[in-house]
Amino acid sequence: MRQHRRLSSWSELWLKNVVVNMPPKTLTLDDGPTSSSSGDLTSLLSDQLLLLVFSFVPPPLPFSSASLVCRRWLRLSGHLRHRLTLLDWSFLHQRLPYRFPNLTELDLLPASFVCPSFSTALLSRGTVSVSLDLYVDPPVGDAQFISCESISVGLETIASNFPNLRKLCTVAPTVSDSGLFAIANSCPTLQELELHGCTDLALRPISVFENLQILRLVGSVEGLYSGPGVTDIGLTILAHGCKRLVELELSGCEGSYDGISAIGRCCVMLEELIISDHKMDSGWIAGLAFCGNLKTLRLQGCSRIDADPGPEEHLGSCPAVESVQLQRCQIRDKRSLHALFMVCESAREIVFQNCWGLDDELFASAAICRRVKLLNLQSCSVLSTQGLESIILSWPDLERLTVISCNNIKDEEISPALSGLFSSLKELKWRPDTKSMLATSLGGTGMGKKGGRFFKRRILPGQQRLKGKPDEEPS
């Protein structure tokens, strides 16, 4: 009978077929400093070789399971992590540089809020979760950041330990500029920066970031925190300091024609502009005409577009714009929407997602754009079939159409002309009516009919069936 020897650990199973050309004494588990009494043969491998082995394992393993094996594996698994979200600010000074020395993307925002000593509630806003102090009035909408001195010292620590940083999300320190200056001078590869609680004064060191290409400025977040925000002064400082910007997002910022036009004149490489929940003054749309290379304009969560865009002859146009996207916006003013499409009349893509108030009259403003190739409509419940047809039939270059969850657009109202257009499209996603979708998916199942499947009357023994149709309920 063949005898089988049971392996004492998984490491022996991994190395049982490996031929090691070493003296016999080196392979003895109880002899020499290179092995341990528990039989961990991975101690024969150097840190560099073990990291090379980890690099071929799928990403979840080195960060979770492998870090639980031993202290050495815990330390080495941190070398493979390049992206981290910090939750505790004290960890930044105590263990972050030693635990994760090769970080290239770092998010400091969750750790930048003051955590109350006693909290039973947690507020989540997007990807950020903040503990609430229920004894403060009001408990929501006024989250406090840690001191600016602590933020500056933390940024200096990051600058001295992570020279290869490429992406950083942090709170903008307004009292001291030493932290951002240290990041700019010590992290030359930084390309993406996100500043929360940003003000005009916080943008003074922005010109030192020579290779910055993506910038997001957040002045305030509704329901989370408020602040003075960014005005035309800050936008002008930004325009003269970051001339190599490719993507810019302004969230909760103020400003007007002067700030937007300054960005258009100075940031000649700007290709994508995102404006979220803006508090801009009237007339800012006219400043878009100075963005000569702008390709994508996106409005997100805006309660209004522009209160007073000004005379049409002063608007101008963006000749390079290709995509106009409106997401979660309230569209109530036909004049401002008309002005937006006049500036972006050369757009080839128009997207409306979860926009309130988009009816047939407002959607008719999109007829100015004669080169549209893609139209995406999602959750626009007021727009009707006639309003959609009257516009898309006038677009000779239309190739792709998406209509999803627009309940006022009906299949039975499709005309022969619209049906012919559908047949010539390269891509069509047509699911406008959610009720009809539900009825189609439930077809043949018996569900959706009152008492059709589960509430039929049962005939007990000894009872006679009433006269009438089979399974008919008595009146």
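Q: With which residue does Asp-308 form a salt bridge?
A: This is a predicted model, in which local features need pLDDT of at least 70, side-chain atom pairs count only at pLDDT 80 or more, and totals for chains, interfaces and linings use all residues. Residues are numbered from 1 along each chain as its sequence is written, and side-chain values use heavy atoms, leaving out hydrogens and water. A salt bridge is a side-chain nitrogen of Lys or Arg within 4 Å of a carboxyl oxygen of Asp or Glu. With its closest N and O atoms 3.0 Å apart, the partner of Asp-308 is Arg-335.

Q: Are Arg-298 and Glu-272 buried or exposed?
A: These two residues form a salt bridge, the closest N and O atoms being 3.0 Å apart. Buried means under 20% relative accessible area, exposed over 50%, and partly exposed in between (1.4 Å probe, protein chains only). Arg-298 and Glu-272 are both buried.

Q: How does Asp-277 count at 21% relative accessibility?
A: The side chain of Asp-277 meets that of Lys-279 in a salt bridge of 3.9 Å, N to O. Lys-279, at 37% relative accessibility, counts as partly exposed. At 21%, Asp-277 also counts as partly exposed.

Q: What is the handedness of the crossing of helix 8 and helix 9?
A: A crossing is left-handed if the near helix is turned anticlockwise from the far one by less than a right angle, and right-handed if clockwise. The crossing of helix 8 with helix 9 is left-handed.

Key. Helix = DSSP H or I, 4+ residues; strand = E, 2+ residues; numbered from the N terminus.
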